[in-house]
Amino acid sequence: MPTAPLNWETVSCPLCGETGDREFLRTTGDDNVEYRLGQCGECGMVYTNPRPDAASIAQFYPEDYAPYQPPTRIRSGAFRALRSRLGLRPEKGLTDRIPHRPGGVLMDYGCGSGWFAAQMRDRGWEAVGMDFSHHAADAARKNFGLKVIHGVLPHPTVPSGSMDAITLRAVLEHVHDPQQLLRAVYDALRPGGWVYASVPNLASWGYRAFGRSWFPLDPPRHLLHFTPTTLRRAVEGCGFEVEAMTTIGHTKWMGYSVDRAMRDQPRWWVKLSRIHLIRSAVTRWTRWTGQADDLAILARKPATAACTPVRAAA
Ligand SMILES: [Zn+2]
């Protein structure tokens, strides 16, 4: 498949527009290229800078990119319900707090292989997927028979105020202009509609412990590196009212960070963390103490909001 040439751009702060940053970190991607992360002196946002521009970023998302692959194990809605009834579910996800109404439309933006949208459909939502990757959109249709729109928001087939909820799981860290996307999400939601977003948490124990080896840095695909403060600022800056924030731990992510740290800086506690039980206990502890690797936010478009359409790109 022909690919566009790789073009690098040096940018001002994607959150507040401030020009100039100070170097925050240098880290190596899984392509063995060194990337530079800068921090905005004004709002504290950390971002990959320079970065591949919007026209050339697609080459970092090959068809075998992990989130496009179908999950190896899918828990059915019935199993989840039973586990929940038995009290085996350790935490209630923020997406469970979105009140469902009959016929309610939920869009999973950046749906990848489609498993999450399918899960929300099992919970009674009219679920729609959207992805900028043709391959992912096709896979989600084929894997789960989902309705999937290929493209990005704003999109001509998604009218203003047509969505009850939009989920952005592991999306915002990938986009060149988070404010533009969040404004388009705001526009697509009905007044009182819900947005859920999750991003890697730069204020996590994991980042402090593993530093440049922390797996969720993932340059150059991750252009933005949020903390609770900058994520809240991004969401509130587009008019949303924040309902809740939490952190989520993934033992698997911790495992990937351990693998990378073994390569970069194999200290004694890193070696010890290769034991799954220890890794799993540490992950749970980070969640209990609110400093796990994955940061989630739930917010609403004010019920009184008027809809001002955002023009879709030609
Ligand atoms: Zn800034």
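Q: What do buried, exposed and partly exposed mean here?
A: Buried means under 20% relative accessible area, exposed means over 50%, and partly exposed lies in between (1.4 Å probe, protein chains only). The model is a predicted one, in which local features need pLDDT of at least 70 and side-chain atom pairs count only at pLDDT 80 or more, while totals for chains, interfaces and linings use all residues. Residues are numbered from 1 along each chain as its sequence is written, and side-chain values use heavy atoms, with hydrogens and water left out.

Q: Why is Ile275 called partly exposed?
A: Ile275 has a relative accessible area of 45%, so it counts as partly exposed. This residue lies in the loop between α8 and α9; helices (H or I, at least four residues) and strands (E, at least two) are DSSP runs, numbered from the N terminus.

Q: What makes Trp268, Leu272, Ile275, Leu277 and Ile278 a nonpolar patch?
A: Patch residues have over 30% relative accessible area and no salt bridge; like charges are joined within 9 Å, and nonpolar side chains (Val, Leu, Ile, Met, Phe, Trp, Tyr) within 5 Å. The five named residues form such a patch on the surface, with about 550 Å² of accessible area together, as given by the Shrake-Rupley method with a 1.4 Å probe, where for residues only the protein chains shown count as cover. The elements that give two or more residues to the patch are α8 (268-272) and α9 (276-288).

Q: What makes the contact of Asp21 and Arg36 a salt bridge?
A: A salt bridge is a side-chain nitrogen of Lys or Arg within 4 Å of a carboxyl oxygen of Asp or Glu. The N to O distance between the side chains of Asp21 and Arg36 is 2.7 Å, and the pair therefore qualifies. This pair links distant parts of the chain, with Asp21 in the loop between β1 (8-9) and β2, and Arg36 in strand β3, 15 residues apart. Asp21 is partly exposed at a relative accessible area of 23%, whereas Arg36, at 17%, is buried.

Q: How do you know that Glu236 and Arg232 are separated by about one helical turn?
A: The two residues are four residues apart in helix α6, so about one helical turn separates them. Elsewhere, salt bridges that share partners join Asp21, Glu23, Arg26, Glu34 and Arg36 into one network.

Q: Why is strand β7 described as largely enclosed?
A: Five of the six residues of β7 (residues 126-131) are buried, so the rest of the structure largely encloses this strand.

Q: How do you know that β6 and β7 pair, and in which sense?
A: Two strands pair if DSSP finds at least two bridges between them. Strand β6 (residues 105-109) and β7 have five bridges, so they meet this criterion, and the sense is parallel.

Q: What makes a set of residues a nonpolar core?
A: A nonpolar core is a set of buried Ala, Val, Leu, Ile, Met, Phe, Trp, Tyr and Cys residues joined through side-chain atoms within 4.5 Å. The largest such core has 50 residues, of which Leu153, Ile166 and Leu168 touch the most other members. The largest share, six residues, comes from α4.

Q: Which bond joins Leu153 and Pro154?
A: A cis peptide bond joins them, with omega about -5°. Pro154 lies in the loop between β8 and β9.
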